[in-house]
Amino acid sequence: MSITKFETMKRFKKMYVFMMLLLVSAFTYGQETIKMTVKENKVPCQGVAPMECLEVKYDNGKDWELFYDHIEGFNFEKGNRYEIIVIRTKRQGIVPADASSYLYKLKSIVSTKPVTKANGIYNTKMILTRLNGKTINSKSVYMTIDPTNETISGKSGCNNFNAKYKKLNSKNGIQISAGAGTLMACNDAAMKVERDFLDAIKDKKYKIVKKKNVVQFKNSKNKTIMEFSIPTQNDLWSYIGKNDWKLISLENVGQDYGRASIKFNIAEKKVNGNSGCNNFFGSYTASSDNTIQFSNIASTRMACLNEEANKTEQKILSFLNDKKLRFDVADQTLNFYLDNKLVMMFGVAK
């Protein structure tokens, strides 16, 4: 019995629909749409190498999480809090050891809200100087109060910590809840300071009093339990100037960059260092808003035979060539940003 032309077309149509369904199914395999809230500031973090991460909440989550990956099509601007819809796709095949299991692509931006920085005791790094009447000289205990999320985070001496707090009716009164932290071990002296500090903030109520750059945490009997200092520009530059800084990350790629380094002469506003192959020197101008601009940068002219060192040198010199950069100091790293993107990270040279 012969097959008519009509039946042949009918079968071809069914086969075409079936193949299209297979293609669509294969294309969307491992794909999901998720909602994310993106915090207004990036923070230094540790992936395969030191880098800078977004902080995000998924769907209606309560806690901020570090986000180590890239979102295709999403241009983050510091100072804005975003609600976005993202398509997350599971990678196929063998995933490289330093890569995420997922790919992220922006679908839409639901909202963008500028977040203004609060003044005074909030969103400011505070370094512990006295605890229970005793002077603390290590500068290894510090914290920042985030009024938007009502969290206190920082370093407790050896480990990083994070705790929730709520405001009380009294002016600058807060109640701190039990928090969480990392679990690294340090020397006995550092661990004792850490235990005493964590005991001082665990489930405690305080009235906060700020006098110039000194912040005191007083209990119900008006006794000062903790005292912190807010670093001034002079303090910041004194710390930067006394250290030699070795390049540890360039455009978010962390590795050993050999001799690449930078050193500041604070008294003369001069800078010098090594750009990976040649030595450089010049001057700089820093502003109170933590911006810096290098000028009159010159360097030696040795031939750079190593291709990687040559690329490193070209990038470093391009960032130092009359560009206005933002900088900050986080623990033992000196970070430089161009258009709110971390471009160079230096660590204290041992």
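Student: How many disulfides does the structure hold?
Tutor: The structure holds one disulfide, a term for a pair of cysteine sulfur atoms within 2.5 Å. This is a predicted model, in which local features need pLDDT of at least 70 and side-chain atom pairs count only at pLDDT 80 or more, while totals for chains, interfaces and linings use all residues. Residues are numbered from 1 along each chain as its sequence is written, and side-chain values use heavy atoms, with hydrogens and water left out.

Student: Which cysteines form the disulfide?
Tutor: Cys158 and Cys186 form it, with their sulfur atoms 1.8 Å apart. The link is right-handed, with 80° about the S-S bond.

Student: Which parts does the pair tie together?
Tutor: Cys158 lies in the loop between β11 (151-156) and β12 (160-167), and Cys186 in the loop between β14 (180-181) and α2 (188-201), so the pair ties together parts that are 28 residues apart in sequence. Here helices (H or I, at least four residues) and strands (E, at least two) are DSSP runs, numbered from the N terminus.

Student: Is Cys158 buried or exposed?
Tutor: Cys158 is buried, because its relative accessible area is 3%; buried means under 20%, exposed over 50%, and partly exposed in between (1.4 Å probe, protein chains only). Cys186, at 34% relative accessibility, counts as partly exposed.

Student: And what about Cys277 and Cys304?
Tutor: Cys277 is buried at 12%, and Cys304 counts as buried at 18%.

Student: Changing topic, how many residues has the largest nonpolar core?
Tutor: That core has 28 residues. A nonpolar core is a set of buried Ala, Val, Leu, Ile, Met, Phe, Trp, Tyr and Cys residues joined through side-chain atoms within 4.5 Å. Among the residues with the most contacts inside the largest core are Phe264, Leu334 and Met344.

Student: Which strand gives the largest share of this core?
Tutor: Strand β26 (residues 341-348) does, with four residues. Apart from this core lies another, of 26 residues, among them Met126, Leu131, Val141 and Ile230.

Student: Where is Lys107 found?
Tutor: Lys107 is found in strand β7 (residues 102-114), and it counts as exposed because its relative accessibility is 54%.

Student: What is Lys107 in contact with?
Tutor: Leaving aside neighbours within four places in sequence, Lys107 is in contact with Thr33, Ile85, Val86 and Ile87, where contact means heavy atoms within 4.5 Å. Thr33 is 74 residues from Lys107 along the chain, and their C-alpha atoms are separated by 8.4 Å.
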